[in-house]
Amino acid sequence: MENLESQLQGAATVAIVGHVRPDGDCTGSCLAVWNYINAWHPDIQAKVYLEPIPNIFRFLKGADEIEGPKSTDSPKDLCIVLDCGDEGRLGEGIHYFKTAKRTICVDHHISNESFADENHIFPQVGSTSELVFDLIGEEKLTKEIAECIYVGIVHDTGLFQFDSTTAKTMNIAGKLMEAGINFTKIVDETFFTKTYGQNRIMGKVLMDSRLYLGGKLIVGMATQKDMEQFGVQPKHLDGIVNQLRVTKGVEAALFLYENERGGYKASLRSNGKINVAELAMKFGGGGHVMAAGADLKGTAEEIIEKICMETERQLVQENLHKK
Ligand code: 5GP
Ligand code: MN
C-alpha cells in the first residue's frame, strides 16, 4: 500500500474499525485516519465504529463522534481496519468489513493473516499508529492527527520503552512534537494518571500475585467481584500486567481478569525469552512476541496450569538451544 490517499480514491463512504476493547493504539490509529479524511476530504462520509473507548482518550478530536457498530448500518464503499489481527477481533465491527465494497487492513500483529482485500502488515513495527503516520505522510500532518498518532505510539511502545521502538519511531515522535502537540499532558493524562479505584485494584492484584516455575512466571488476577468492589471495568485494568512483568527474575507475566461469560481474559507479557504470541495463539488468541492475549474458558486454576505448562515447555526449549 503506497499511501492512504490512493486508497480513498472513488470512496464516498468509509467505515473505520478496530479491535474489541479498543486501546490507545487502536483508538489513536482509527482517529488519525478519521482526522485525515475530515481535514483533507470533507466530502467523504467517514465514521469510526468502535466499542466504547477509555475516557482518557476522549480529548482526541473526533472521539465524541465514534459510534458503536450496528449490524443494520448500510454498506460502505470502503472499510479500513486498523490494529486488528483477525476478523474475530473486530467484534460487531465485522458487519462493515463483510458488507463494504473494498477492505484494507493496516496492522502490526504477528498473528495477522492478511484477511482484507489489501493489507499493510508490519509485525516488527511498534504500533499501527506509526504505520498510519507513514501512510498519511508528513506534509499532510495536522496537530489533531499528530495527537492521535502520538497516543498510539506512546501506548504500544510502553512510552518508547519496548524494543520495537526504533530510531524511526523517535524521529516520528519528533515530527509529532513539531506539529505542536502537548506531549507532556498526553503522557501524564493517558499513560500515568490512574483513578483511585484503578490504583487500589492494581494494589490488590500485586499483593495477591503468585510466582510459578521457580519465579520465572508471575500470575495476577482480578475477578468480577474485585472490579465491582473497586468500581472499575476491564478497560481500566491497563498497566497492571506491565507492573507484574517488571518483577525481578520473572520471564513472563500473566494477568487474568474474569469476563461476564464465566471465563477469563489473559493478558501476557514477556521479558524476552518467552514468545507470548505463540503462547496466546495456542489458546486461540494472538498479539506480539512480547505482549499478547487470549480469551480462555475454564477456572483460573485450569488456565494457570495450561499456561504454566506452555511457558515451561518454551523455557526448556530455550535451554536446549543454548546447550
Ligand atoms: P493486552 O494484553 O494489552 O490486552 O493485549 C496485548 C496484545 O495482544 C495487543 O496487541 C492485543 O491486540 C493482543 N491481544 C490481546 N487479546 C487478544 C485476543 O484475545 N486475541 C488476539 N488475537 N489478540 C489479542
Ligand atoms: Mn497496536
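These legends describe close-up views of a predicted model.

The model is predicted, so local features need pLDDT of at least 70 and side-chain atom pairs count only at pLDDT 80 or more, while totals for chains, interfaces and linings use all residues. Residues are numbered from 1 along each chain as its sequence is written, chains are lettered from A and ligands numbered from 1 in the order in which they are written, and side-chain values use heavy atoms, with hydrogens and water left out.

View 1. Five strands make an open sheet in the order 2-1-3-4-5, and their pairing is parallel. Strands here are DSSP runs of E with at least two residues, and helices are runs of H or I with at least four, both numbered from the N terminus. Two strands pair if DSSP finds at least two bridges between them. Strand 2 (45-49) and strand 5 (118-121) stand at the edges with a single partner strand each, so one side of each has no neighbour in the sheet. From one strand to the next, the twist averages 15°. Four bridges link strand 4 (residues 102-107) to strand 5 in the parallel sense. Ile104 has Glu118 in strand 5 as its bridge partner.

View 2. Helix 4 (residues 128-136) lies across strand 3 (78-82), strand 4 and strand 5. Its direction is at about 120° to strand 4. Axes are lines fitted to C-alpha atoms, for helices over the stretch in contact, and angles run from 0 to 180 degrees between N-to-C directions. Contact means heavy atoms within 4.5 Å.

**View 3. The manganese site.** Asp25 (OD), Asp83 (OD), His108 (NE2) and Asp156 (OD) coordinate the manganese ion (ligand 2) at 2.1 to 2.4 Å. Donors are N, O and S atoms within 2.8 Å of the metal (3.2 Å for Na, K and Ca); water is not among the atoms, so sites may look incomplete. Asp25 in helix 2 and Asp156 in helix 5 (residues 143-156) are 131 residues apart, and the pair links distant parts of the chain. Asp25 is buried, at a relative accessible area of 0%. Asp156 also counts as buried, at 17%. Buried means under 20% relative accessible area, exposed over 50%, and partly exposed in between (1.4 Å probe, protein chains only).

**View 4. Helix 2.** This helix (residues 24-40) has 17 residues. It reaches 24 Å from its first C-alpha to its last, close to the 24 Å expected at 1.5 Å a residue. The expected span is 1.5 Å times one less than the number of residues. Of the 17 residues, 14 are buried, so helix 2 is largely enclosed by the rest of the structure.

View 5. Six strands form an open sheet in the order 6-7-8-9-11-10, with mixed pairing. Strand 6 (210-212) and strand 10 (286-287) are at the edges, each with a single partner strand, so one side of each lacks a neighbour in the sheet. Strand 8 (residues 252-258) and strand 9 (residues 264-270) run antiparallel, joined by seven bridges. Phe255 stands opposite Ser267 in strand 9. Helix 12 (residues 300-322) lies across several strands, including strand 7 (217-222) and strand 11 (291-296), and runs at about 160° to strand 8.

**View 6. Ala277.** Ala277 sits in helix 11 (residues 276-282). At 1% relative accessibility, Ala277 is buried. Beyond neighbours within four places in sequence, its contacts are Ile110, Gly287, His288, Val289 and Ala292.
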